[in-house]
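Subject: A structure for you to look at

Hi,

Here is the structure I promised to pass on. Have it open while you read, and take your time with it.

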Amino acid sequence: MWGKLFGLAPTLTLSVSALDSVKTVDMGEKTICTLSHVEAGGFNSGCGISRSGGRWYMTAADGPPANGESQGCSAICFD
């Protein structure tokens, strides 16, 4: 589906999870990146994609209170 949508093949797919913390992954220099899956992580949790200086970053944040649920995020990128 993604290849047909953008006319490109995916060049990177990855996942990150955070348990009571914030984790950021550098996905490198790509043309475009987007979240492809977000798991329910409970209260004060979320996923985000950002771009800075031509590089893409994905962040998983799982905030307090600690409830044992981990926030999972997945992304897909294209060159």
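A word on the ground rules. This is a predicted model, in which local features need pLDDT of at least 70 and side-chain atom pairs count only at pLDDT 80 or more, while totals for chains, interfaces and linings use all residues. Residues are numbered from 1 along each chain as its sequence is written, and side-chain values use heavy atoms, with hydrogens and water left out.

**The overall picture**

The protein chain has one helix and six strands.

The chain has 79 residues, and 27% of them count as buried. Buried means under 20% relative accessible area, exposed means over 50%, and partly exposed is in between, using a 1.4 Å probe and protein chains only. The accessible surface is about 4500 Å², and carbon and sulfur atoms own 56% of that. These areas come from the Shrake-Rupley method with a 1.4 Å probe; for residues, only the protein chains shown count as cover.

Now look at contacts (heavy atoms within 4.5 Å). Among those with a separation of 6 or more, 70% are between residues 24 or more positions apart.

**The sheet around strand 5**

Find strand 5, residues 55–62. Three strands form an open antiparallel sheet in the order 2-5-4. Strands count as paired if DSSP finds at least two bridges between them. Strands 2 and 4 are the edges, each pairing on one side only. Neighbouring strands here are turned by 15° against each other on average, direction ignored. For such angles, axes are lines fitted to C-alpha atoms (for helices, over the stretch in contact), and the angles run from 0 to 180 degrees between N-to-C directions.

On one side, strand 2 (residues 22–29) is joined to strand 5 by seven bridges, and Lys23 sits opposite Ala60.

Which residues of strand 5 are on its covered face, and which on its uncovered one? Trp56, Met58, Ala60 and Asp62 are on the covered face, while Arg55, Tyr57, Thr59 and Ala61 are on the uncovered one. In a regular strand the side chains alternate between the two faces of the sheet.

**The core**

The largest nonpolar core has eight residues: Met27, Cys33, Trp56, Met58, Ala60, Cys73, Ala75 and Cys77. A core like this is a set of buried Ala, Val, Leu, Ile, Met, Phe, Trp, Tyr and Cys residues joined through side-chain atoms within 4.5 Å. Strand 5 and strand 6 (71–78) are the elements that give two or more residues to this core.

**The disulfides**

There are two disulfides, meaning pairs of cysteine sulfur atoms within 2.5 Å.

In one of them, the sulfur atoms of Cys33 and Cys77 are 2.0 Å apart. The link is right-handed, with 110° about the S-S bond. Cys33 is in strand 3 (residues 32–38) and Cys77 in strand 6, so the bond ties together parts that are 44 residues apart in sequence. Both Cys33 and Cys77 are buried.

Cys47 and Cys73 form a disulfide too, with their sulfur atoms 1.9 Å apart. Its torsion about the S-S bond is about -85°, so this disulfide is left-handed. It links Cys47 in strand 4 with Cys73 in strand 6, 26 residues apart. Cys47 is partly exposed at 23% relative accessibility, whereas Cys73 is buried at 2%.

With the bonded cysteines numbered in sequence order, the pairing is 1-4, 2-3.

Pro64 is in the loop between strand 5 and strand 6. Is Pro64 buried or exposed? It is exposed, at a relative accessible area of 60%. Leaving out residues up to four places away in sequence, Pro64 touches Phe43 and Asn44. The C-alpha atoms of Pro64 and Ser21 are 8.4 Å apart, although the two residues are 43 apart along the chain.

Cheers

Note on methods: Helices (H or I, at least four residues) and strands (E, at least two) are DSSP runs, numbered from the N terminus.
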